[in-house]
Amino acid sequence: MVISNKALRFIIATFVICLPFISMANPEKDTTIVQTVVAHEGAEASHEAHAEPTDVKSKVKAFIKHHVLDSHEFSFAQDDETGVHYGFSLPIIIWDNGFQIFSSSKFEHGEAVAESNGNFYKINHHDGKIYKTDAAGTITEDEKTGFPTNVRPLDLSITKTVFSILLAAILMFVVFTSLAKSYAKNNGIASGIGRIFEPIVLYVRDEIAIPNIGEKHYKKYMSYLLTIFFFVLFLNIFGLMPFGINVTGNLTITFSLAILTFLITNFTANKNYWGHIFWMPGVPKVMRLVLAPIELLGVFIKPFSLMIRLYANIFAGHIVLMSIIGLMFIFKSWLGSSLSFGLSFALSILEILVAFLQAYIFTMLSALYFGSAVEEHHHEEAHH
Amino acid sequence: MEKLINQFELGLFFWQVLIFVGLIILLKKFAWKPILDAVNDREEGIKNALLSAENARKEMQNLQADNQRILQEARLERDTMLKEAREMKDKMVDDAKTEAQAQGQKMIDQAKAAIESEKNAAMAELKLHVSTLSLSIAEKILKDELSNKEAQTKLVEKLLGDVKLN
């Protein structure tokens, strides 16, 4: 039994749940597993127990791989022995010569081929994506790359990630409109839940926006900076909560956030910004020709680094944390499990720091890029 | 790299951009603008309140200084008035004194003059009386001389005694 999870409470819960596996035999369970556990505890390198740990290992590995990817259903937990999935289905929306809309329960957790209006679809186990198949659901894989060669229809499904984004968006909207309303109700002083966020809003304004963009221009970027800060922060924190939602560790999400920063930077940029890219003032003319392509490349590298930084930090955090949690089930001994519990506990705390830090860095760097786009050089020489 | 590119999901991108841009627009209208406005208003209010408190303090100080000055002036004025009054009083007393003295002196002088004149008048009268008396005595003596020598002497003695008695 493997359960997706991160937060402390859930770690403790997981620990309690796995107690029966370690300490006592459950007669209703498959007896072979219990025997294996006993054998594993008794003799470390017994040849009989050899098959089972690799199974747990691969299960953990598969689970982590599934967790960090997007999914078409929202699953809290699953019981491998009984095959019961705890969670709920999400709607599947596919554009394939007209919208094909059906529930993800048709896939039966990726086991079955879903049929809609005479088209057959199947979720590929490796990447969790929907491919168009024949009635039998055969997915042919490319010999060289290992990627399926089947046609991929445009998948506009409300996946777990989209669902989480919606949830975060609604939560943000509720929290911040209530904060906005509380000012009018309470004579200009925040009250209620939004009050916690008021200092953070002020921090984003006073420590991120104003120093990087400047008093003159910062106002027009405030909405974007505040939204992106809280969006990333909320989703980072979501990722640390039970049920393991990995949104900001998804490349598509960080790509879309970075491309927005890229677009805003370049569409609001003044001629100084472009001047510094194509015809760098204050350097010899030959150098200007050399610098232009480098600077132009920098325009694209900046958002690219934003995208990779957030993605890699959260993605790696999830993988490491889940691997250490998975170790508890692989060790299945009091010493090893306790150790990995302690380690995952410490890492969870570190991940909370990372959640705030990455939100801060993303916002900070966005503000920095906006600042460079609207910067006015009154004293050229002082800068170079 | 190919694995990373393969992770890109167009549908998810579509939803993410849609939701995120929608969220920015909604939050801008319903949350960020009112929040930042309220915070700005509050900060302005605090700034103004501090400024007006400072002004009030300065005004108070000025007022106090004014009061002090006015009080000082009043005190000075009172002092000068008192001084003047005292001087006036002294002067009046002095004047009265000298006048009284002069008056007294005058009266004394008059009295003295009157006494002198009275004395002179009395002396003149006395002289007149004495002369008349002497004349009458001399007359009587002369009369008696003619009759009796003894009688004349007695008479002179008698007359002299009379004069003494007189």
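## Confidence in the model

Within chain B, the predictor's confidence is lowest in α1(B), where the mean is 74, and highest in α2(B), where the mean is 91. The structure described here is a predicted model, and chain B as a whole averages a pLDDT of 88, with 95% of the residues scoring at least 70. For the complex, the predictor gives an ipTM of 0.76 and a pTM of 0.70.

Chain A has a mean pLDDT of 79, and 83% of its residues reach 70 or more. Two of its stretches call for caution: over residues 1–5 of chain A the pLDDT stays under 50, and the model has 17 contacts beyond four places in sequence for them, while over residues 19–53 of chain A the pLDDT is below 50 and the stretch has 19 contacts in the model beyond near neighbours in sequence. Where pLDDT is low, the predicted coordinates should not be read in detail.

## Make-up of chain A

The secondary structure of chain A consists of twelve helices and nine strands, and of its 384 residues 33% count as buried.

Chain A is divided into domain 1, covering residues 91–157, and domain 2, covering residues 161–383. The C-alpha centres of domain 1 of chain A and domain 2 of chain A are 34 Å apart.

## The helix pair α10 and α11 of chain A

Helix α10 of chain A spans residues 285–331 and helix α11 of chain A spans residues 334–374; their axes come within 9 Å and cross at roughly 170 degrees. Because angles over 145 degrees count as roughly antiparallel, α10(A) and α11(A) are described as roughly antiparallel to each other. By class, the contact of α10(A) with α11(A) has 18 nonpolar, eight polar and three charged residues.

## Two exposed residues of chain A

A:Ile349 is found in helix α11 of chain A, and since it has 12 other C-beta atoms within 10 Å, A:Ile349 is classed as exposed; the cut-off for that class is 12 or fewer. The C-alpha atoms of A:Ile349 and A:Glu295 are separated by 39 Å, and these two residues are 54 residues apart along the chain.

A:Lys271 is found in helix α9 of chain A, which covers residues 271–278. A:Lys271 counts as exposed because it has 7 C-beta neighbours inside 10 Å. Along the chain, A:Lys271 and A:Phe329 are 58 residues apart, and their C-alpha atoms are separated by 59 Å.

## Where chain B touches chain A

In the predicted complex, 31 residues of chain B are in contact with 34 residues of chain A. On the side of chain B that touches chain A, α1 (2–7) and α2 (10–145) of chain B each supply at least two residues, and α2(B) gives the most, with 26 residues. By class, this side of chain B has 22 nonpolar, five polar and four charged residues.

Definitions and conventions:
Residues numbered from 1 in each chain as written. Chains lettered and ligands numbered in written order. Predicted model: local features only at pLDDT ≥ 70, side-chain atom pairs only at ≥ 80, totals over all residues. Axes fitted to C-alpha atoms, helices over the stretch in contact; angles between N-to-C directions. Helix = DSSP H or I, 4+ residues; strand = E, 2+ residues; numbered from the N terminus. Parallel < 35°, antiparallel > 145°, perpendicular 65-115°, else oblique. Nonpolar A, V, L, I, M, F, W, Y, C, P; charged D, E, K, R; others polar. Buried ≥ 20, exposed ≤ 12 C-beta atoms within 10 Å, placed from the backbone. Domains from an automatic or database assignment. Contact = placed C-beta atoms within 7 Å. pLDDT = per-residue confidence, 0-100.
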